[in-house]
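Morning, everyone. Have a look, and then I will walk you through it.

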Amino acid sequence: MMIPAARDLLRAVLGAMAAWPVILAIAGAVSCTGSSDVESGQDSLAALRSAMVTDQIARRGVSDPRVLAAMRDAPRHLFVPPEARTNAYDDSPLSIGHEQTISQPYIVALMTELVRPNAGDRALEIGTGSGYQAAVLSRLVATVYTIEIVEALAREAERRLKDLNYSNVIVRHGDGYAGWPEHAPFDIIIVTAAPDHIPQPLVDQLRPGGRMVIPVGSLYERQDLRLIEKDVSAQIRTRTVAPVRFVPLRRGRAY
Ligand code: SAH
């Protein structure tokens, strides 16, 4: 968990910055605001992110420098509802409404490292949620296609990503079980909601040489995070990485 002093600092920083709502909304895209309060607020947020990376992520073994840099860059506090902002850099998942959650920072970093992103890769995410995982991944690949089944979340994430200049993320509202055949094959697939089996359409849409990370299991039993790799001759290799807890992958209709 975040130490209390850090949370107090974040509360103070966000309180001070709330006086500049427009600037806050585009924080990260702005490098020269002319306001020293806002600049020092940005510095404090950067310090919190840096502590998050050191204490929660690197300490648990994520070591890819590009992944750590992407986690240090992404303004997680702008991906959570205003009332959750003071907890944005806690070592935990947070509610984003519609009974859904933004994953714990460590899990986002772990999943990003497991799929070994390359600059030219085309990636697919199932479960856009807040857009945070897509934002982190988008800094490490060419394009991220992401599908969200709850329409309100899809629209919110699309707007947020646009406002924050994540121009290589494309959001679609729908059921991600069937993947996105029009843009397949994908070098990377990240699934951030748990089905009880691995969807065959996603395996089919993985490029030879591609990597997929997916939590598998039921809500009430154990879920395992699995890494699925398709080699150049299209052979599948599956490895179980860690026990995890994700919201279930919903099926059937869009919400
Ligand atoms: N990656 C998100 C967190 C995802 S929580 C983030 O970074 O914030 C899981 C999300 O998967 C929820 O928003 C949920 O609505 C969505 N989801 C569940 N079933 C889905 C499906 N079949 N297709 C697409 N999205 C789905």
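**Around the ligand**

Start with glutamate 125: one of its polar side-chain atoms sits 2.9 Å from a nitrogen atom of the ligand. Keep in mind that this is a predicted model.

Next, serine 130. A polar atom of the serine 130 side chain is 2.6 Å from a ligand oxygen atom. Then glutamine 133. Here the backbone supplies the polar atom, and the distance to an oxygen atom of the ligand is 3.0 Å.

How much of the ligand's accessible area does the protein cover? On its own, the ligand has 580 Å² of accessible area, and the protein covers 99% of that. The ligand takes up the space of the largest pocket.

Now, who lines up around the ligand? There are 26 residues around it, and those that come nearest are Ser130, Glu148, Asp175, Gly176 and Arg250. By type, the shell splits into eleven nonpolar residues, eleven polar and four charged.

Which elements give two or more residues to that shell? They are strands β2 (100-102), β3 (122-126) and β4 (143-148), plus helix α6 (132-138). The biggest giver is β2, with three residues.

**An aromatic link**

Let's move to the rings. The structure has four aromatic pairs. One of them joins phenylalanine 79 and tyrosine 132. This pair is edge-to-face, with 5.6 Å from centre to centre and 65° between the planes.

Why does this pair tie together separate parts of the chain? Phenylalanine 79 is in the loop between α4 (65-73) and β1 (94-97), while tyrosine 132 belongs to helix α6, so the pair links parts 53 residues apart in sequence. Recall that helix α6 also gives residues to the ligand shell.

Last topic: the backbone. As a rule, most residues other than glycine have a negative phi, and most peptide bonds are trans.

Look for histidine 98 in the loop between β1 and β2.

Proline 185 lies in the loop between β5 (169-173) and β6 (186-191).

Note on methods: Residues numbered from 1 in each chain as written. Predicted model: local features only at pLDDT ≥ 70, side-chain atom pairs only at ≥ 80, totals over all residues. Heavy atoms only, no water. Near = heavy atom within 4 Å. Polar contact = N/O pair within 3.5 Å; in protein donor to acceptor, adjacent residues only side chain to side chain. Areas by Shrake-Rupley, 256 points an atom, 1.4 Å probe, with all protein chains shown as cover. 1 Å grid on protein atoms, 1.4 Å probe; cavity = no way out; pocket = protein on both sides within 12 Å on 5 of 7 lines; lining within 4 Å. Sits in = over half its atoms within 2 Å of the grid points. Helix = DSSP H or I, 4+ residues; strand = E, 2+ residues; numbered from the N terminus. Nonpolar A, V, L, I, M, F, W, Y, C, P; charged D, E, K, R; others polar. Phe/Tyr/Trp six-rings, centres within 6.5 Å; stacked < 30°, edge-to-face > 60°.
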